[in-house]
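Look at the chain below before reading on. The report then goes through selected parts of it.

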Amino acid sequence: MSDLKDLDSFQKLEALQQPTWPDQDHLERVKQTLSAMPPLVFAGEVDYFKSKIAEAAAGRAFLLQGGDCAETFVDATADRIRNRVKTVLQMAVVLMYGSSLPVIKMGRMAGQFAKPRSNDTETREGITLPAYRGDAVNGFDFNEESRVPNPDRLLKAYNTSASTLNLIRAFNSGGFADLRAVHEWNKGFMDNPANAAYENIAADIDRAMKFMEACGVDSAELRTTDFFVGHEGLLFDYERPLTRTDSRTGKSYVTSGHFIWIGERTRQLDGAHVEFLSKVENPIGVKLGPTATKEDVFQLIEKLDPNREPGKLTFISRMGAAKIRDELPRLMEATNEAEALPLWVSDPMHGNGITTANGYKSRRFDDVMEEVKGFFEVCRALGVHPGGLHVELTGDDVTECLGGSDDIDEADLEQRYETVVDPRLNHKQSLEMAFLVAEELVNFRR
Ligand code: PEP
Ligand code: CO
């Protein structure tokens, strides 16, 4: 029991980005209910996931995390979840085939229901209401009833996460993720060059599978896959009730997901988020933007990974294409100097936001890829393993990001712009990205 830690120490510190709930009694009842709910993930799974992250940090695997910027309750349907899972599985195949590295698959899924915002309120045509903070807090529709935070949404976030995770688990153990189904994952998507290139790889994999079958190999690893889930650990009123201490070991786990990350806006060293997440066993990610200093990195390591535990800490770089080559090297130097071995992951989305002339929040596919290139360059210069990719994507044919081989332009954004927060790569752009990243990985390992 030596590990027993005070999980509530964060309450003395400033917690940014929390909703203003109108009714504290209602909130307390919801927190009570949540704290009696079964965990969504189990401690043993989290430890196993940590061992996988340790492999990636040591240069022997690659982490792929993909999913919505903000999941929504209405989009947690079988079709949409399946398309997202298929997209991640396809990208993983492309990356694995190209690089010969195992790819750890993870969704930004089953818990990504809370968002940090720049402003507390939003004003439209003279009416000011609370800003949308994710479906776990309030509704996207711009009216008073929808925008006032409602704690019942925390329960709905839990239930929606549970049903999403259940389907993911069913897919991955029930034959859907069987490598012999590589062709199946490509079905239902519109024909395009990326799909065709994927078909070529799938045909190669098919041949290899048949060869192995002929040799009598029938390994469980080929029939099922691990698919982990992670989200930003933003809301204390959700994460704290779902944090459980193992009575046997005295260790605490956030049980709302395998992987929890701290966002760029809540990574203050003296803030509540870093404090709270320093008390749990889960692998923790921290987003690092261009304002992060070497000292920040030293202190984040001391706070979140004082024992230099393999797999414990992941740094997610999100600098922007124009800044990454200038801003990332000193942070990687810091991890080298601290003799820490975090996993370094590139999030090439969040530093590349633009607003188009016709008023859409978007990102250019080319900027996203330019940031990935910069990430690989910096990793090479500093002798760091480029350990993973963190992407906002959907399996549907939305038009939210500009460019890609379809050359989506500003006018196209009007056709199918569905995200409630940040623009996502569509299925085709995601697959194209996987091919380009695979190429970077191959060159890196050459
Ligand atoms: C996000 O991942 O959606 C996000 C808000 O990112 P960041 O913390 O890097 O800005
Ligand atoms: Co986002």
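## Basis of the report

The structure is a predicted model. Each value in the report was computed from that model.

## Cysteines

How many disulfides does the structure hold? The count is zero. A disulfide is a covalent bond between the sulfur atoms of two cysteines.

C401 is in no disulfide, and the nearest cysteine sulfur to that of C401 belongs to C69, 11 Å away. A disulfide needs two cysteine sulfur atoms within 2.5 Å. Is C401 buried or exposed? With a relative accessible area of 0%, C401 is buried. C69 is buried as well, and its relative accessible area is 0%.

## Helices α3 and α6

Two packed helices are described by the angle between their axes and the distance between the axes. Helix α3 covers residues 78–99, and helix α6 covers residues 193–214. Their axes come within 11 Å and cross at roughly 70°. That angle makes α3 roughly perpendicular to α6, because angles of 65 to 115 degrees are classed in this way. The crossing of α3 past α6 is left-handed.

Which residues meet where the two helices touch? On the α3 side they are Q90, V93, V94 and Y97. On the α6 side they are Y198, I201, D204 and I205. By type, the residues of this contact divide into six nonpolar, one polar and one charged.

T335 lies in helix α11, which runs over residues 324–337. Its relative accessible area is 1%, so T335 is buried. Leaving out residues up to four places away in sequence, T335 touches V297, I301, F315, A340, P342 and W344.

E281 is placed in a loop, between α9 (272–277) and β9 (284–288). Is E281 buried or exposed? E281 has 10% relative accessibility and therefore counts as buried, since the cut-off for buried is under 20%. With residues up to four places away in sequence again left out, E281 touches K50, K251, S252, Y253 and K312.

Q17 is found in the segment before α1 (24–35). Phi of Q17 is near 65°, which is a positive value in a residue other than glycine. Q17 has 15% relative accessibility, so this residue counts as buried.

R308 also has a positive phi, of about 50°, although R308 is not a glycine. Where does R308 lie? Its place is the loop between α10 (294–304) and β10 (313–317). R308 counts as partly exposed because its relative accessibility is 28%.

## A162 in helix α5

A162 is in helix α5, made up of residues 152–173. At 26% relative accessibility, A162 counts as partly exposed. That class lies between the cut-off for buried, under 20%, and the cut-off for exposed, over 50%.

How far apart are the C-alpha atoms of A162 and A214? They are separated by 40 Å. Along the chain, A162 and A214 are 52 residues apart.

Conventions:
Residues are numbered from 1 along each chain as its sequence is written. Chains are lettered from A and ligands numbered from 1 in the order in which they are written. This is a predicted model: local features need pLDDT of at least 70, side-chain atom pairs count only at pLDDT 80 or more; totals for chains, interfaces and linings use all residues. Side-chain values use heavy atoms; hydrogens and water are left out. Buried means under 20% relative accessible area, exposed over 50%, partly exposed in between (1.4 Å probe, protein chains only). Axes are lines fitted to C-alpha atoms, for helices over the stretch in contact, and angles run from 0 to 180 degrees between N-to-C directions. Helices (H or I, at least four residues) and strands (E, at least two) are DSSP runs, numbered from the N terminus. Angles under 35 degrees count as roughly parallel, over 145 as roughly antiparallel, 65 to 115 as roughly perpendicular and the rest as oblique. A crossing is left-handed if the near helix is turned anticlockwise from the far one by less than a right angle, and right-handed if clockwise. Contact means heavy atoms within 4.5 Å. Ala, Val, Leu, Ile, Met, Phe, Trp, Tyr, Cys and Pro count as nonpolar, Asp, Glu, Lys and Arg as charged, and the others, Gly among them, as polar.
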